[in-house]
Amino acid sequence: MRWLMVALCVGLFVLPAYAADPIAENVAKLGVAKEQFVKIGEQVYNTEGENTCLQCHGKGGTGGTQAGAADLRHPKTWRVYQYLGGDEAIKANKEKFLKDMETALHDLIRNGSTQWNQRFPSQHKDIAMDWGKVSIPDKADKYNQMMKGITSEPMKKKIKEVQDELAKEGKKLTPAQMSDLAAFSDFEYVKTFDDGSEHGGVFK
């Protein structure tokens, strides 16, 4: 009985690190080297074709073809930054703010806006979201339906190519694992766009 209590106590201290972010938790179990994340993310992000990160947001996070697409160099202008409380919230608890931000965006990239809007807020009640703080147009729709994340056909094709590359290196992943890895890595790459300006500097 005593060993069981010890195990439970250890679990309570270990699990919360990724408790609110199932995608990050799944990726942590894959054994993929951290230095591979940005490399994989770069491949995924720069996929050419319709409804891709590159087309909508542009190379380096700006200048894409989708009107109203977030400037990925400037996290402080993002919808997620605003509804999580913005400057005031990040000053109060930067670690929690960034963790919540990443949890929300991993899911958005992984599943696209339609599923995110329907499921994420109710499934993550531990993340406080105040949509009244969002000044971006169409905030009533939470995320614009044009935000496809990695769900478009060109993105799926690219992710399968990366999956095949990893398999050749001995890392065989299921489609679900690969989607988690692609979404997580895509965001790791996006974080490198943060230019440290007055609208950036969040991940620096």
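**A kinked helix and a crossed pair**

Start with helix 7: it has a kink of about 125°, centred on G112. The bend at a residue is the angle between axes fitted to the seven residues ending there and the seven starting there. Helix 7 covers residues 94–123 and spans only 22 Å between its end C-alpha atoms. A straight helix of 30 residues would span 44 Å at 1.5 Å a residue; that expected span is 1.5 Å times one less than the number of residues.

Some ground rules. This is a predicted model, where local features need pLDDT of at least 70 and side-chain atom pairs count only at pLDDT 80 or more, while totals for chains, interfaces and linings use all residues. Residues are numbered from 1 along each chain as its sequence is written, and side-chain values use heavy atoms, with hydrogens and water left out.

Now the whole chain. The protein chain has nine helices and zero strands. Helices (H or I, at least four residues) and strands (E, at least two) are DSSP runs, numbered from the N terminus. The C-alpha atoms fill a box of roughly 60 × 45 × 30 Å along the principal axes.

Next, a helix pair. Helix 3 (residues 34–45) packs on helix 9 (residues 175–191) at about 95°, with axes 7 Å apart. Axes are lines fitted to C-alpha atoms, for helices over the stretch in contact, and angles run from 0 to 180 degrees between N-to-C directions.

Who touches whom? Contact means heavy atoms within 4.5 Å. From helix 3, the residues include F37, I40 and Y45; from helix 9, they include L181, F184 and Y189.
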